[in-house]
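Open the model in your viewer and keep the selection panel at hand.

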Amino acid sequence: MTRKTPRIDIPGPLGFGGAPLGDMFERTDNRTAHATLEAAWDQGIRHFDTAPHYGAGLAEQRFGSFLATKPRDEYFLSTKVGRLLDPSPSGPEPDGPFVHGLWFQRRLDYGADAAKRCVEDCLQRMGVGRLDVVYIHDLAEDALGAEWTEHFRVAMQGAAKALTELREQGVIRGWGLGVNRVEPCLRALDEADPDVFLLATQYHLLDTSGAETLFPRCLERGVQVVVGSPFGSGILAGGAHYNYQDASPEAIWQRDRLRHVCDRHGVDLKAAALQFSAAHPAVAAIIPGAKRPERIPQNVDLMKAKIPAAFWSELRERHLLPDGAHTPA
């Protein structure tokens, strides 16, 4: 199964990750969410990613409300399948990092019919007629435990085939996996014909494992990578979370080692984090999340910040990056 030319154009290098607008870690009001999306649009960002899981439909609802005012041909929109949303008469159900949301409960289902229904539900929630990319969500051990391989089998026979059909019908332009681990992506390359992977938590300054095995194979196949969580879900931007959990003392220690090198070279750690994740040739875009409008122009400026080559060299010398790591300089 050989394909070296990507099927779709993915806008980059900077996109918008929608998890924070699903009330991740803390609640956000609709006015602030809209202003944040407006700030992204004003800064030229046209790549938007969301999911039913984010606030049990809340992030999708907010994206749809905003994007209804924009020409459909001017933006790239992705969402995910794998969780159906059923009405929850007792109220919103917090799940994982999402502290609030809409009145739905999530139901895991990676079958073909569920994937098609989920796509229809997403189109309805957002009020759009088509999607650019649909990811099969959280199909990995960190989310599903030891049973992930059975869920993967179901997904390859179900959701993957359904999304391939929708791609052929023109309902979507492409599909892939939206995961936090490389193992399911490697297996998907062997068993299916994906277009793109959304990989969070395994390609940033604290963890470059995505580049070791997955990225070379993606380059060989013409499969693109979108990097989620380039700040490590917050720790590299001064937050208290790493990989969607409270940051461990070891993670904080590693972050502080990076920060010391940044201080010596006059580099903003946030700029280094964004630019590093975007620099690999397999990466089409990075999609940091934001829940406040002022963060968007900050991210745009961080992507433009000048970082000396000596900074990256010192990271390698101190074994804070592998010797072969791709860097902007």
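Which residues does Leu205 touch, not counting those up to four places away in sequence? Select Leu205 and show its contacts. The partners are Leu236, Leu258, Leu269, Ala272, Ala273, Phe276, Trp312, Leu315, Leu320 and Leu321. Keep in mind that this is a predicted model.

Now widen the selection to the largest nonpolar core, which has 91 residues. Leu205 is among those that touch the most other members, along with Phe16, Phe48, Ile136, Leu139 and Leu177. Colour helix H3, residues 112-126, next: H3 gives the most to this core, with 7 residues. Then pick Ile10, Tyr135, Leu198 and Ala284. These belong to a second, separate core of 11 residues. In soluble globular proteins, nonpolar side chains tend to be buried together.

Next stop: the largest pocket. Its volume is about 1,200 Å³. Select Ala19, Met24, Phe25, Ser233 and Tyr244, the closest to its centre of the 50 lining residues. Then show helix H4 (141-144), strand E7 (172-179) and strand E8 (196-200), the elements that give two or more residues to the lining. H4 gives the most, with 3 residues. Colour the pocket lining by class and you get 21 nonpolar, 17 polar and 12 charged residues.

About 30 Å³ of space lies in the largest cavity. Select Leu14, Gly15, Ile45, Pro288, Ile296 and Asn299 to see its lining. By class, that lining has 4 nonpolar residues, 2 polar and no charged ones.

Note on methods: Residues are numbered from 1 along each chain as its sequence is written. This is a predicted model: local features need pLDDT of at least 70, side-chain atom pairs count only at pLDDT 80 or more; totals for chains, interfaces and linings use all residues. Side-chain values use heavy atoms; hydrogens and water are left out. On a 1 Å grid over the protein atoms alone, a cavity is a set of points where a 1.4 Å probe fits but cannot get out, and a pocket is an open set with protein on both sides within 12 Å along at least five of seven lines; lining residues have an atom within 4 Å of a point. Grid points are joined across faces, edges and corners, and a volume is the space filled by probe spheres set on the points. Helices (H or I, at least four residues) and strands (E, at least two) are DSSP runs, numbered from the N terminus. Ala, Val, Leu, Ile, Met, Phe, Trp, Tyr, Cys and Pro count as nonpolar, Asp, Glu, Lys and Arg as charged, and the others, Gly among them, as polar. A nonpolar core is a set of buried Ala, Val, Leu, Ile, Met, Phe, Trp, Tyr and Cys residues joined through side-chain atoms within 4.5 Å. Buried means under 20% relative accessible area, exposed over 50%, partly exposed in between (1.4 Å probe, protein chains only). Contact means heavy atoms within 4.5 Å.
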